[in-house]
Every structure is written in C-alpha cells, then in structure tokens.
Amino acid sequence: MEIHEDIPEAYQRPALAALDWINASSGSDFSLTGVVDTSGDPDGDAPFDLGLVLCDGEICNREQVRITPRNGDYEFAFVDDAPPLIPPLLDPPPGIRSEWIDKKLAEHEFILLLYYRGLW
C-alpha cells in the first residue's frame, strides 16, 4: 500500500493498522490520504489519538481514532469528541454548498473558494 508522503514516519504503521480496522469493521474500501490531530507518542505504550483523512472515490471523511499499543499490535476505538476544526464529513451534502455560497455572496462583493482534500 502506498503511504501518503505527508504522514510522519512514526505514525505510518499505526495509521495503516487503523485504516485496516476501519475498512474491516465497516465493510468499506477507504484509502488513507493523510493524518491530522495527532496527539501522543506512537512509539510509547500509552494510548494516543490520530485523525485519519480517508477517501473512498469522491467522498472524504475524517475519522478520529484512539490507538492503544498492545504487545506489538494495536487496539482501536473511535473518538466521539473529535476536534470540531475539521468536520467528520469533509465534503458537504448536496445543496448545503450552494446555500452557503448564496448567503456569503449576499454579504460580500465577491468570495474566494479554496478546495483542499475535501475541505472548503
């Protein structure tokens, strides 16, 4: 599997293991495109949180996962209180984007939209 170059080397092994866990438990086929919200030491014995940027076709999600090292392997759990800075569904549902653009255009003379890995 190809590792995204932006993923720090120390987080690559646990991130790929978490990706496999998410795909197996949800029956999905996500690809790992990056990590965000890293906290803790991936080389230690204490649990740490890792935000995974996952894409499946045109849809990208952010999943916050708590990773607990166990005897050379890992245990995983979803983190419900993920930081709100990066929304779980990175691409908004149809319709929301145009309503937001119309609202902002009513407030300003022009707007500039930047799209990066599903964030807008």
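1. A residue is called buried when its relative accessible area is under 20%, exposed when it is over 50%, and partly exposed in between, using a 1.4 Å probe and protein chains only. By that rule, 34% of the 120 residues of the protein chain count as buried. The model is a predicted one, in which local features need pLDDT of at least 70 and side-chain atom pairs count only at pLDDT 80 or more, while totals for chains, interfaces and linings use all residues. Residues are numbered from 1 along each chain as its sequence is written, and side-chain values use heavy atoms, with hydrogens and water left out.

2. The protein chain holds two helices and four strands, arranged along the sequence in the pattern α-β-β-β-β-α. Helices (H or I, at least four residues) and strands (E, at least two) are DSSP runs, numbered from the N terminus.

3. The four strands form an open sheet in the order S1-S2-S3-S4, with antiparallel pairing, where two strands pair if DSSP finds at least two bridges between them. Strand S1 (31-39) and S4 stand at the edges with a single partner strand each, so one side of each has no neighbour in the sheet. On average, neighbouring strands of this sheet are turned by 35 degrees against each other, direction ignored; the axes behind this value are lines fitted to C-alpha atoms, for helices over the stretch in contact, and angles run from 0 to 180 degrees between N-to-C directions.

4. Within the sheet, strand S2 (residues 48-56) and S3 run antiparallel and are joined by nine bridges. Glycine 51 stands opposite glutamine 64 in S3.

5. Valine 65 is in contact (heavy atoms within 4.5 Å) with residues including Ala18, Trp21, Ile22, Leu50, Leu52 and Phe76, not counting residues up to four places away in sequence.

6. Asparagine 71 deserves a separate look. Most residues other than glycine have a negative phi, whereas phi of asparagine 71 is near 50 degrees, a positive value. Asparagine 71 lies in the loop between strand S3 (59-70) and strand S4 (73-78), and it counts as exposed because its relative accessibility is 85%.
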